Structure formats: structure tokens, C-alpha cells
Amino acid sequence: MAQDMNAIRVRTLFLSDLHLGTKGCQAGALLDFLRAYEADTIYLVGDIVDGWKLRSGWYWPQAHNDVVQKLLRKVRKGARLVYLPGNHDEFLRDYIGVNLGGIELADHALHEAADGRRYLVIHGDQFDLVVRHARWLALLGDGAYSAALFVNTYLNIVRRRLGLTYWSLSAWAKLRVKNAVNYISRFEELLAAEARRQEADGVICGHIHHAAIHDGFGVAYVNTGDWVESCTAVVEHYDGSLQLVRWTEVQRDWVIGPAFDEPHASERAA
Ligand SMILES: [Mn+2]
């Protein structure tokens, strides 16, 4: 089987919140990431294609096509691809249970890791009280969020020209709002509770664009983050351990050399 000689091979890859179809999607960085990693199983944990944005205006550059093609190529090469739609690609929820050209569509999944631990894998909007009970409020929030991302996109074009690294305005702003912190913590707590209810050892989700791995609520809480701001993903290694990959940091290390305490330094050598 032909595969990229230098690719990092992992058991499972978890990606969410790509928001293909929006200007915010960091498709170039995502393509680099998909070239660097090969996985036996790939979970797309929701908000992969942004149907909300596509409805209000078509934005689909070649790079977004390339991402889709890259994922389909991995399926042709034997990867299992499971797509768990989120609220921005809820139009795909009509096809749950269907196998579309090798892509399994499901509402959620139970993933058994190599070490026997079981994880509930789900986008997470199902437990977002704002999205569930006030859809207009979520859409309003989406507008404010889009405005922040718009500023962020242009700010980063300027930063790139100045030779500076990618910097996330809205991630920075969100983390400085106390309400956002409460919101994140409440979301994490609800998802952890659902994992316990389903007798899983943890949950792997997305939706809030805030990557994390911790067990502060009694079970593992793993959030894959996003490819709009933070460019993060979660990988499962062959021993069952989960690792949060912050792609911009990995790339920086590849250019200027890794810090010695960072786990991906050894992965690269393997
Ligand atoms: Mn979402």
C-alpha cells in the first residue's frame, strides 16, 4: 500500500470543526496536517462542512476541495472514515445510518481504544443549552463570531506578511470573557456526565472550538478543537494513549527545532 514515507502513523485521528465553506477555515494548514498523519480510523466529529454559511453565499475555493479529496484518498487507501455531523452540517443528520461511498454517517459513536478504554464520540451541540433552546440566539452568536473571525483572517494576512506566526483573535478574546469560561466549563461537565451515563471512560467531542484533554469531571474529557482558529486535532497512538496535536506548534518545531519536553519530538523520530 503506497503511503507517505514520512507520515506519522496513528491508530485513530479525531478532527472536528473544519468549517469548510467559510473563509475562516484554515484549509492550507489542514492539508499539511493531513499529509503528515496517516490513521487506521478517522472520526470527523462534526461541523466539517458549514451548511449555515453555504446557504447565505457560496464560498468553496480549491483548497477546500483538496481537503475533501485528501480525506477520500485516505478512505481509498483503506482508512475507516466515520462522520458524526454537528449543528453546522446538520443537513447530513438526515443520512445517519447510511454508508456514503465508504463514509459511515452516525449521530455518535463508541470508540474502543487500543488499551480497552471506551470513549463516547459526539459533536456536542446536543448538550449545548444555547443551541438547543434558543436557535435564534445561536445564529445571532454566529454573526458576532463571524465578525470576529473576519477581523482575525485579515489580521493574520498582515501578520504573515510581517513574518509572524498565526495568532487567534477570537480564541484570545473568548478566553478573556468570564462568561465564556463558565460556558466552556458547563459544556465540559455536561459531556462528561453523558459519557458516564453511557458507561464510557470518557468523551471525545468538538463544537466549542476549545481544544482540551483533562479528567476534571471524573472521566476523560477530550475536545479536538477546530481548524478555524486553533488548528488542533486529537490522535490515538497504538498503545491507546490520546494526544492533543497543536499543529501550528508542531510546524514551528519542524522549522526551528523541537523543544525537548514536547511529546511530538519523539513521534517525528519514530
Ligand atoms: Mn458545532
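Strands here are DSSP runs of E at least two residues long, numbered from the N terminus. The model is a predicted one. By that numbering, Ile42 lies in strand β2.

Is Ile42 buried or exposed? A residue is called buried if 20 or more other C-beta atoms lie within 10 Å of its own. Ile42 has 24 C-beta neighbours inside 10 Å, and therefore counts as buried. Setting aside residues within four places in sequence, the contacts of Ile42 are Leu13, Lys74, Ala79 and Leu81. Between Ile42 and Arg80, which are 38 residues apart along the chain, the C-alpha separation is 6.1 Å.

The next step is the nonpolar core. The largest such core comprises 52 residues, and Leu13, Leu44, Val45, Val203, Ile204 and Ala233 have the most contacts inside it. Strand β2, residues 37-44, supplies the largest share of this core, namely five residues. Leu13, a contact of Ile42, is also touched by Ala233.

The last stop is a pair of strands. Strand β6 spans residues 108-112 and strand β7 residues 118-122; the two pair in the antiparallel sense over five bridges. Which residue of β7 is the bridge partner of His111? That partner is Tyr119. The two strands form a hairpin, with five residues between β6 and β7. In the turn, Gly116 has a positive phi of about 90°.

How values were computed:
Residues numbered from 1 in each chain as written. Predicted model: local features only at pLDDT ≥ 70, side-chain atom pairs only at ≥ 80, totals over all residues. Pairing = 2+ DSSP bridges. Helix = DSSP H or I, 4+ residues; strand = E, 2+ residues; numbered from the N terminus. Core = buried A, V, L, I, M, F, W, Y, C linked by C-beta atoms within 7 Å. Buried ≥ 20, exposed ≤ 12 C-beta atoms within 10 Å, placed from the backbone. Contact = placed C-beta atoms within 7 Å.
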